[in-house]
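Student: I would like to learn how to read a ligand site and a helix from coordinates. Where do we begin?

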Amino acid sequence: MQSQRPVVLITGGSRGIGAAIAQLAASRGYDVAITYRSESAAAEEIVEICRAAGAEALPFQGDVAVEADVLRLFDEAEERLGPLSHVVNNAGVTGKSGKLAETSAETLRECIDINVTGALFVAREAARRLSRSRGGAGGSIVNISSVAAHLGSPNEYVWYAASKGAVDSLTIGLARELATDGVRVNAVSPGMTDTDIHERSTRDPGRLERLKPFIPMRRIGEPQEIAEAVLFLMSDAASYITGAILPVPGGR
Ligand code: NAP
């Protein structure tokens with residue numbers, strides 16, 4: 001039987017920031033659909049933690065860059081958990097760091113496919129299902145951007161920074177498009193956060209320690225600190241906030 005609790009779908013909820021959002025949402029009374037691309041064991045582990053907090057939680061496999069996968073993820077999540085009230089557009093990659101001049105077309109395409117096209121597929125599906133004019137009950141979307149959108153990330157990954165600039169524009173535009181439809185659209189813009197992305201996607205294991213001295217607060221953010229900002233924007237406490245991009249970068 002489906003519960004009356006709000007239901008949030010979190011893309012890339014199996015690891016890092018998405019996993020922290022899933023756990024905090026579960027502890028704050030949400031049921032949780034966790035999507036992942038390939039690591040089912042990581043997704044199962046977070047699902048178990050969410051269940052232990054009293055939530056209904058399920059893992060769903062799919063690649064956000066594949067339109068058919070995104071449609072199926074939403075269908076399966078709503079079938080199993082009930083109508084979604086919130087969507088967190090979190091799945092993302094950087095690609096191996098380097099100068100643009102030395103970066104392959106494959107790296108550029110993969111980043112844009114996942115971070116931009118994937119985010120658009122997910123936001124479009126959320127808009128279709130949550131909008132009151134389309135029969136939805138309203139709700140909110142939170143996109144995970146990055147301070148890279150403003151810093152530009154020279155010599156590291158300007159393509160990733162550009163992809164997050166697109167996420168910011170998506171947030172502002174869709175917020176205005178859905179403002180009378182009962183759907184708030186906001187973004188959280190993390191600074192450097194302690195997850196596997198730096199080692200596994202950027203392929204620069206020493207990055208966090210090397211760049212720590214340049215963060216005004218002189219420390220790396222924890223995924224839970226990003227999750228707190230996301231849960232605030234999802235909550236009724238943020239009822240008059242839409243189109244906002246909330247930086248959480250330790251002053252960077
Ligand atoms: P992470 O630890 O590498 O986790 C990435 C998550 O996204 C995993 O659950 C992964 O699933 C999933 N994923 C990756 N590609 C996918 C795809 N094509 N389709 C579906 N799921 C996919 O990353 P993170 O650091 O938590 O980053 C989360 C978000 O925060 C990203 O948008 C990132 O750009 C943003 N961000 C991160 C930082 C930071 O310093 N960490 C800073 C600013 C912004 P699998 O495990 O199955 O691969």
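Tutor: Begin with a definition: a polar contact is a pair of N or O atoms within 3.5 Å. The model here is predicted. In it, a backbone N or O atom of Val64 lies 3.0 Å from a nitrogen atom of the ligand.

Student: Which side chains have an N or O atom placed like this, and at what distance?

Tutor: In the side chain of Asp63, an N or O atom is 2.8 Å from a nitrogen atom of the ligand. For His198, a polar side-chain atom lies 3.1 Å from an oxygen atom of the ligand.

Student: How much of the ligand does the protein bury?

Tutor: The ligand taken alone exposes 900 Å², and 97% of that is buried by the protein.

Student: Now the helix. Why do 17 Å between the end C-alpha atoms of helix H9 agree with its length?

Tutor: Helix H9 (residues 223–234) has twelve residues and at 1.5 Å a residue should span 16 Å, so the 17 Å between its end C-alpha atoms agrees.

Student: Which residues of H9 are buried, and what do they pack against?

Tutor: In general, an α-helix has 3.6 residues a turn, so residues three or four places apart point the same way. In H9, the buried residues include Ile226, Ala227, Val230, Leu231 and Met234. The buried residues of H9 pack against H1 and several strands, among them E1 (7–10) and E4 (86–89).

Notes. Residues are numbered from 1 along each chain as its sequence is written. This is a predicted model: local features need pLDDT of at least 70, side-chain atom pairs count only at pLDDT 80 or more; totals for chains, interfaces and linings use all residues. Side-chain values use heavy atoms; hydrogens and water are left out. A polar contact is a pair of N or O atoms within 3.5 Å; within protein, one must be able to donate a hydrogen and the other to accept it, and residues adjacent in sequence count only if both atoms are side-chain atoms. Accessible areas come from the Shrake-Rupley method with a 1.4 Å probe; for residues, only the protein chains shown count as cover. Helices (H or I, at least four residues) and strands (E, at least two) are DSSP runs, numbered from the N terminus. The expected span of a helix is 1.5 Å times one less than its number of residues. Buried means under 20% relative accessible area, exposed over 50%, partly exposed in between (1.4 Å probe, protein chains only). Contact means heavy atoms within 4.5 Å.
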